[in-house]
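User: I'd like to learn how to read helix packing, domain contacts and a ligand shell. Can you walk me through them?

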Amino acid sequence: MNLSQYTDGFFKVNATHGFLPCQPPLAKLPKRYNSLQRLLDDLPRITNDQKEGLLSVEGALESRVSQLDDFSETVKKETDPFVLQALFRGYAFITSAYTLAPAHFEFLKTGNYGKAHRYVPAHLAIPFCWVARQLEVFPWLDYHYAYSLGNYVKKNPKGGFNWENLDMAVKFSGMPDERGFIMLHVDINQHSPKLVEGVLNTLQELPQNKVSLITKNLMLCRLTMEKVNARRKVMWEASRWKHYNDFRVFIMGIKGNEEIFDEGVFYQGVFDTPKQYRGQTGAQDNIIPMMDIFTGVIRHYPKNELTKYLMDLRSYRPTCIQRFLKDLRLEVEGLHDEGVLGMLVKQKNVAGMIELAGILQEIYFFRNGHWQFVQKYIMQNTAYSKATGGTPIISWIPNQIRSVLNALQSCLNQIPEETSDELYLQIKTKFSDKVRLLDKQLNMLHQPNYKAEEVFDLNKKMNLADDE
Ligand code: HEM
């Protein structure tokens, strides 16, 4: 794979940057956008100087937006990808905050999301859509350029990517749980360079049958996935589950959330018909999609509506990353009918197969731990059945857990039974518990009055709890 093609000047997918921006994002907009920057600074429910911001007073944001300068002509002169990204981020935050403000205030009063404003005024819509077109993304708050990866500011510029050292350039709630929630996504991605390295090296070495190098790079992937999971688990402290609703409404999408947005949003002065886009979600992150492609989990995705969501969400990414994932898939498919596993079997590389099983187990731990986030942060907090990305809460994540378990089973089937390797024996012995846990949880969820707490408690009963 020719890595030089996977860049847009802001992201550069390789073993140095992984999926993080190739330089720190701009913390503030250039001076020529002063009034826009001031609006962003005043936006959060609690501002940086601990005052009540625009999102803490009903109607305040609408009135402030009506006075905002029109930058439609100024943005057209921009070519620097970092400025375009910061503008996209700023306009995306204002657009989501503006449209969803009524739903937020209704939620504070009644606990139900009310209706959103269904239009974006022309002086917001025109510059926002122009910038989105330059970046080739949908004009709606996304994960890469807006809420997560392109939104970090290091407190100590020389410090690392642990979430404690990261602040958000632009915020909705301004409360610590919002920062912990989304900056932990960036934190996890500090391990993406090593994963990209392990994946690409393995793919390069497989056709040449370099057994020990292949196994070494597969091990690099497994050990890095262990680090990814160790950081992911920090979510339980970085963002307290009871506080998820303080900011969740603002990352909702239009598509799949018809209860809030009816048939879509009008971008005045840009489109004649209402538009629907999916919301900001970790499903737009790249680590799991990359590992699914590499390990062959994608071969086990069932052909159903839920898998269609997964594929639809793949298009909510910068085009350079979409290209990377597409080419990666072609590369894996070009190896052998059965992908990486098939090659390892052909080459009788049992140690490599055990490492592959180890990676698959880590993908399982990621998804099952993440499923526990969904049970606690969402199902126990709200009855609203749609996720911010617009997918059905209780069925979508299990769809993918099943696919990982099936992929792991296929891999284990290829390893000679008499193998006495410690990692292999540990994965094999614990496999059936994982299947039983998912079966039991799905059974519970099919009951009309299931209790989210009981579904969550089952993880502990079966020794698969994430928060220990
Ligand atoms: C409290 C923390 C989290 C919650 C409540 C949560 C919630 C969700 C929900 C509801 C979905 C379904 C898609 C949709 O939004 O429509 C989803 C998908 C997803 N999330 Fe998260 N998420 C959390 C943290 C994370 C983190 C830290 C990551 C990784 C950086 C992540 C990565 C993913 C991925 C890859 C998917 C796609 C599902 C799959 O491939 O199986 N999430 N998340």
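Analyst: Helices here (H or I, at least four residues) are DSSP runs, numbered from the N terminus. The crossing of H12 and H14 is right-handed. This is a predicted model, where local features need pLDDT of at least 70 and side-chain atom pairs count only at pLDDT 80 or more, while totals for chains, interfaces and linings use all residues. Residue numbers run from 1 along each chain as its sequence is written.

User: What is the angle between H12 and H14, and how far apart are their axes?

Analyst: Two packed helices are described by the angle between their axes and the distance between the axes. Axes are lines fitted to C-alpha atoms, for helices over the stretch in contact, and angles run from 0 to 180 degrees between N-to-C directions. Here H12 (residues 287-295) and H14 (residues 319-335) pack at about 15°, axes 9 Å apart. The two are therefore roughly parallel (angles under 35 degrees; over 145 is roughly antiparallel). H12 brings Pro 289, Met 290, Ile 293 and Phe 294 to the contact, and H14 brings Leu 325, Leu 328, Arg 329 and Val 332 (contact: C-beta atoms, placed from the backbone, within 7 Å).

User: And at what angle do H16 and H17 pack?

Analyst: About 165°, again with axes 9 Å apart. That makes H16 roughly antiparallel to H17. The crossing is left-handed. Their contact has 21 nonpolar, five polar and one charged residue (nonpolar: Ala, Val, Leu, Ile, Met, Phe, Trp, Tyr, Cys and Pro; charged: Asp, Glu, Lys and Arg; polar: the others, Gly among them).

User: Which residues come nearest to the ligand?

Analyst: A residue counts as near if its C-beta atom, placed from the backbone, lies within 6 Å of the molecule. Of the 25 residues around the ligand, Thr 281, Gly 282, Ala 387, Gly 389 and Gln 400 come nearest. H7, H16 (350-379) and H17 (393-414) each give two or more residues to the shell, and H16 has the largest share with six. By class, the shell has 13 nonpolar, nine polar and three charged residues.

User: Where are the domain bounds?

Analyst: Bounds come from an automatic or database domain assignment. Domain 1 is 21-184, and domain 2 is 191-242 + 284-461. Between them, 12 residues of domain 1 are in contact with 12 of domain 2. On the domain 1 side, H7 gives the most, with four residues.

Conventions: Contact = placed C-beta atoms within 7 Å. Parallel < 35°, antiparallel > 145°, perpendicular 65-115°, else oblique. Left-handed = near helix turned anticlockwise from the far one by under 90°.
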